[in-house]
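Hi everyone, thanks for coming. Let's take a short walk through one structure together. Please have a look at it on the screen first.

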Amino acid sequence: MDHIERRDKEMAYISDESVMKEQQATRKILQELNFCDRADFKKIQEISYRLLGKAGKNLFINPPFYCDYGTNIEVGDNFGANYNCTILDVAKVTIGSNVMFAPNVSVFTAGHPVHPAARNTMYEYGISIAIGDNVWVGGNSVILPGVHIGSNTVIGAGSVVTKDIPDGVIAAGNPCRVIRKITEDDRQYYFRSQKFDDEAWEVVKNAPYEPKL
């Protein structure tokens with residue numbers, strides 16, 4: 001079994017010449033994206049669609065953006081990644097619709113053995129990550145291999161997500177833990193105790209969502 005096959009089966013593998021050749025093709029597209037005119041939103045979107053394995057409508061990635069392959073990243077409709085997003089997609093990264101990444105979010109499917117003798121053999125691995133619909137990941141958060149984040153959930157800024165997070169909660173910290181459930185009462189507030197004004201509330205109160213709270 002070659003190392004590409006091993007990698008794709010989520011087995012321990014080595015980044016040999018064949019693996020790096022795939023990454024080289026991706027880096028050429030990343031070079032286009034990250035040095036594109038930052039005001040040319042149409043061109044940025046066109047390159048982003050070319051980069052990712054699968055993407056729904058209204059994709060927007062705010063450069064700079066970094067990944068290993070791109071082809072292992074699948075996103076739904078209305079996905080937005082702000083500045084300095086890194087997705088190490090050695091394994092599959094599946095992201096639902098209406099997901100927002102704040103600046104400096106990192107998603108790591110990749111990892112290395114803990115024991116130094118094993119690590120020094122150059123074997124590494126990738127374990128898939130899944131994120132549901134309607135998720136907001138706060139700035140400077142890190143999502144680690146094998147994690148699943150449920151729909152309608154908020155990950156607070158600066159979190160390190162080491163384990164699965166359920167639907168419909170606010171979770172934060174290092175390691176990231178559930179703080180509380182999100183309730184329908186939260187709809188009327190846009191920041192802490194600050195409520196939407198009447199004009200905005202007319203829009204917000206009728207906005208649909210998947211009721212998985």
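Let's start with an open sheet of 5 strands, paired in parallel and ordered E2-E5-E8-E13-E16. At its edges are strand E2 (54-55) and strand E16 (148-149), each pairing on one side only. A word on terms: helices (H or I, at least four residues) and strands (E, at least two) are DSSP runs, numbered from the N terminus, and two strands pair if DSSP finds at least two bridges between them.

Before going on, please keep in mind that this is a predicted model, where local features need pLDDT of at least 70 and side-chain atom pairs count only at pLDDT 80 or more, while totals for chains, interfaces and linings use all residues. Residues are numbered from 1 along each chain as its sequence is written, and side-chain values use heavy atoms, with hydrogens and water left out.

Inside that sheet, E5 (residues 73-75) and E8 (residues 93-95) run parallel and are joined by 3 bridges. There, Val-75 has Ile-95 of E8 as its bridge partner.

What about the inside? A nonpolar core here is a set of buried Ala, Val, Leu, Ile, Met, Phe, Trp, Tyr and Cys residues joined through side-chain atoms within 4.5 Å; buried means under 20% relative accessible area, exposed over 50%, and partly exposed in between (1.4 Å probe, protein chains only). The largest such core has 37 residues, and Phe-65, Phe-101, Ile-131, Ile-143 and Ile-149 have the most contacts inside it. A second, separate core of 6 residues includes Tyr-13, Val-19, Tyr-69 and Val-90.

Is Ser-159 buried or exposed? Ser-159 is buried, as its relative accessible area is 0%. Beyond its neighbours within four places in sequence, its contacts (heavy atoms within 4.5 Å) include Asn-140, Val-142, Gly-173 and Cys-176. Gly-173 is 14 residues away along the chain, yet the two C-alpha atoms are separated by 4.6 Å. The side chain of Ser-159 also reaches the backbone nitrogen of Gly-173 at 3.1 Å.

Methods
A polar contact is a pair of N or O atoms within 3.5 Å; within protein, one must be able to donate a hydrogen and the other to accept it, and residues adjacent in sequence count only if both atoms are side-chain atoms.
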